[in-house]
Amino acid sequence: MSINFKILTFLYCCVLFETNAQNISIWKPDLERKKPQDWLVRPFTEKAEIFKSSDGKDIILYNGLLKRTFRISPDLGCVDFKNLSNGQQLLRAVKAEARITVNGINYNIGGLYGQKENAYLLPEWVDKLKSSDSAFHYTTYEIQDIKPYLNWKTSMWTGNKKNATGKTVSFHYASALPALKGLEVVVHYSLYDGIPLISKWVTIKNNTGSPVTINQVVNEILAVVEEESAVVGTPEEMSKPNGIYIENNFAYNNAMRYHLSDQATHWKVDPLYTSQVNYDFKTPCLLEVYPKRDIGIVLEKGQFFESVRTYELLNDKYDRERNGLAVRKMYRTIAPWTTSNPIFMHLVSKNDEEVRTAIDQCAATGYEALILSFGSHCNMEDTTAANLKKWKELADYAHSKNIFIGSYSLFSSRKISVEDDVIDPKTGKPGGAFFGNAPCMGSKWGLGYIKSLKRFMTATGFNIFENDGPYPGDVCASATHPGHLGLEDSQWKQMELQKGLYRWCNENGIYVNAPDWYFLDGTNKTALGYREVNFSLSREQQMILNRQNIFDAMWNEIPSMVWGFVPLTKYQGGGPEAILEPLSEHLDAYKQLMMQYYGAGIQACYRGPRLYDTDLTKKTVIEVVSWYKKYRDILNSDIIHLRRADGRDWDGIMHVNPGLKEKGLVMLYNPLNESVTRDIKLPVYYTSKHTSLKIREKEGLAKAYQVDREFNVPLTVLIPARSYTWLVLE
């Protein structure tokens with residue numbers, strides 16, 4: 001009876017998958033011939049679709065901006081990957097769909113072989129390709145609408161509260177090898193609406209009846225057209241393909257930049273590409289995505305595993321600004337929680353009364369949130385009844401004033417104990433961590449730390465969590481920590497614990513600041529990128545350095561993803577020339593620092609005991625915050641780079657958003673001791689106004705301007721000495 005039930009279940013699943021496979025449109029070749037409009041200027045309304053070819057041999061992913069084709073007979077392999085905006089073919093050869101290492105043995109997933117020339121792939125060759133020697137072969141597929149990766153929620157100001165839409169296709173694979181029977185492998189692709197973007201990941205379920213060790217999962221193997229044909233050179237020296245931008249959710253390093261944090265993207269050489277120009281066959285043209293260290297996960301019977309998620313965004317030009325705008329659009333699409341951007345203060349408190357005073361000042365000036373900074377008297381690890389009661393009362397008071405509240409907590413760069421710290425595999429003793437000594441997140445203390453934070457935030461109603469020193473990739477050789485088995489799985493398990501905490505926060509409406517790249521798993525904001533000791537420099541130096549930092553960070557990040565810093569009181573040394581207290585005595589500098597950050601759409605950590613000290617200071621803060629709120633939508637829009645600050649002449653940035661009434665907002669600064677009049681060209685292509693538009697200075701009268709053939713608007717601007725001005729484009 002049990003066997004019959006299993007057979008019936010299997011047959012039902014086959015029917016279900018076949019039904020899903022049949023419920024699919026047939027590909028129309030004329031779709032590909034349509035010239036798509038510029039998706040970065042106007043909303044792209046064509047929806048993602050998944051088609052079957054008329055001969056039934058191919059599955060085609062298409063959204064009007066890209067097309068990716070998979071041959072499914074005699075096995076499954078990607079045979080076409082095209083950017084429809086410029087007609088570029090990205091694929092030069094067919095590879096396995098993925099690769100897994102099980103119990104120490106490598107196994108390919110799908111793929112086709114027989115392609116003799118690996119520099120390019122002709123359509124007429126595909127019919128001659130054969131099933132490879134992969135251990136896992138394609139069986140069937142299913143199609144669904146894209147499901148939200150995180151069930152996130154927020155009540156804070158957020159630029160985009162919509163989840164990504166599109167289609168997901170899941171290709172199922174099985175193996176006939178006795179050792180692998182019952183190991184279910186599924187390769188998933190999600191194709192997004194309105195953006196040339198695909199995500200890919202692999203899931204594995206162990207139905208073998210016994211534990212298996214998943215040593216490694218390579219979730220993407222893509223033979224991409226090379227960027228350059230260099231006769232000599234190493235992969236590190238040669239350029240990587242510009243036509244495709246790769247990001248994944250296995251990134252850490254405290255670098256505050258994705259490309260320095262990425263731990264899983266590998267551009268490798270392809271030994272089968274024997275017609276390449278490079279004499280040593282070292283051209284970096286084979287993309288593989290997997291964690292640098294083996295993951296070493298023991299998958300028990302019935303357990304499920306999900307790999308790294310890879311995001312593949314297609315570029316259509318060699319243009320840093322355009323490619324950066326595409327990345328920023330990607331974040332707004334796949335991680336909409338990164339568009340939340342509450343106005344917050346960073347309070348240094350010694351007692352509860354200072355917290356209440358800060359809450360009152362936030363409410364009086366239009367601030368929306370209060371974060372208890374490092375060095376304050378809030379300890380989120382203390383879950384005693386008395387501490388929870390005290391902070392719940394303060395949180396309730398903040399909420400009664402419509403102020404969100406949260407606190408700072410340090411994880412990594414600290415010592416706990418010999419039993420709980422990371423164990424160096426070289427010495428067998430504590431040490432060897434990214435910060436020298438650090439706790440292991442899989443230790444008894446580490447698991448308790450996560451539990452305490454969740455309990456504290458749940459009991460108090462805190463809405464914000466600022467996690468300093470998040471897990472930085474430390475490995476741990478301990479064999480006694482309950483959160484990992486040993487050295488082999490220590491990195492993956494700790495990473496999942498850290499991600500799990502952030503996902504929990506994200507899904508419970510708790511805003512997360514963390515100085516590392518966990519955006520794709522739930523964090524909201526990271527640091528802008530700065531050197532902390534620079535805040536001991538003079539206010540004049542800080543102004544220019546801050547504008548440089550803003551300019552540099554905004555190539556690939558959106559304003560709401562980052563925070564800056566304004567030391568109201570002494571920080572990292574420095575004298576009276578470095579700080580703003582007393583605020584009323586440095587009001588011009590205080591206002592300009594606020595305008596620089598708010599004018600970029602960026603929240604700064606205004607760190608100190610208060611936001612204002614006199615009525616005039618209070619009035620100034622209210623004025624700036626009110627201005628920011630009036631133009632909040634455009635100020636949180638993407639930045640076009642005009643001129644980087646150098647202290648010698650004007651500098652500036654321009655926000656653009658074709659979907660708003662205000663198509664652009666320009667911030668211009670003059671660091672010189674005299675007013676300057678400058679002729680400036682505003683690049684307005686991404687405002688969508690390509691013939692004419694109106695521009696006004698501040699709240700003055702708007703004047704009509706013509707757009708030239710290079711999509712620039714020339715105008716003459718007067719910028720006050722050691723000050724700024726701003727323009728609105730409509």
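At a relative accessibility of 42%, Val231 counts as partly exposed, a label for residues between the buried class (under 20% relative accessible area) and the exposed class (over 50%), using a 1.4 Å probe and protein chains only. Val231 is found in the loop between β17 (220-224) and β18 (244-248). Together with Val232, Val277 and Tyr279, Val231 forms a nonpolar patch on the surface, with about 420 Å² of accessible area in total. Such patches are made of residues with over 30% relative accessible area and no salt bridge, nonpolar side chains (Val, Leu, Ile, Met, Phe, Trp, Tyr) being joined within 5 Å and like charges within 9 Å.

Please keep in mind that this is a predicted model, where local features need pLDDT of at least 70 and side-chain atom pairs count only at pLDDT 80 or more, while totals for chains, interfaces and linings use all residues. Residues are numbered from 1 along each chain as its sequence is written, and side-chain values use heavy atoms, with hydrogens and water left out.

## Strand β26 and its partners

Let's turn to strand β26 (residues 404-410), where six of the seven residues are buried. Strands here are DSSP runs of E with at least two residues, and helices are runs of H or I with at least four, numbered from the N terminus. β26 pairs with strand β25 (residues 369-372) in the parallel sense over four bridges; pairing requires that DSSP finds at least two bridges between the strands. Phe404 in β26 is the bridge partner of Ala369.

β26 also pairs in the parallel sense with strand β27 (residues 464-468), over five bridges. Here Tyr408 has Glu466 in β27 as its bridge partner. The chain passes from β26 through helix α7 (residues 444-460) to β27 in a right-handed β-α-β crossover, meaning that the path from the first strand over the helix to the second runs clockwise when the strands point away from the viewer. β25, helix α6 (residues 385-400) and β26 make a right-handed β-α-β unit as well.

## Around Ala364

Ala364 sits in helix α5 (residues 352-365) and is partly exposed, at 32% relative accessibility. Setting aside neighbours within four places in sequence, Ala364 is in contact (heavy atoms within 4.5 Å) with Tyr612, Lys618 and Ile622. From Ala364 to Ile423 the separation is 59 residues in sequence and 50 Å in space, C-alpha to C-alpha.

## Salt bridges

The structure holds 43 salt bridges, each a side-chain nitrogen of Lys or Arg within 4 Å of a carboxyl oxygen of Asp or Glu. One of them joins Lys57 and Asp127, with the closest N and O atoms 3.3 Å apart. Lys57 lies in the loop between β2 (49-52) and β3 (58-62) and Asp127 in the loop between α2 (123-126) and β11 (130-131), so this pair ties together parts that are 70 residues apart in sequence. Lys57 is partly exposed, at 31% relative accessibility.

Asp521 and Arg503 form another salt bridge, their closest N and O atoms being 2.8 Å apart. Asp521 is buried, with a relative accessible area of 1%. Glu623 and Lys591 meet in a salt bridge too (2.9 Å, N to O), connecting helix α11 (residues 615-630) with helix α10 (residues 587-598) across 32 residues. Glu623 is partly exposed at 43%, and Lys591 is partly exposed at 23%.

Conventions:
Areas by Shrake-Rupley, 256 points an atom, 1.4 Å probe, with all protein chains shown as cover.
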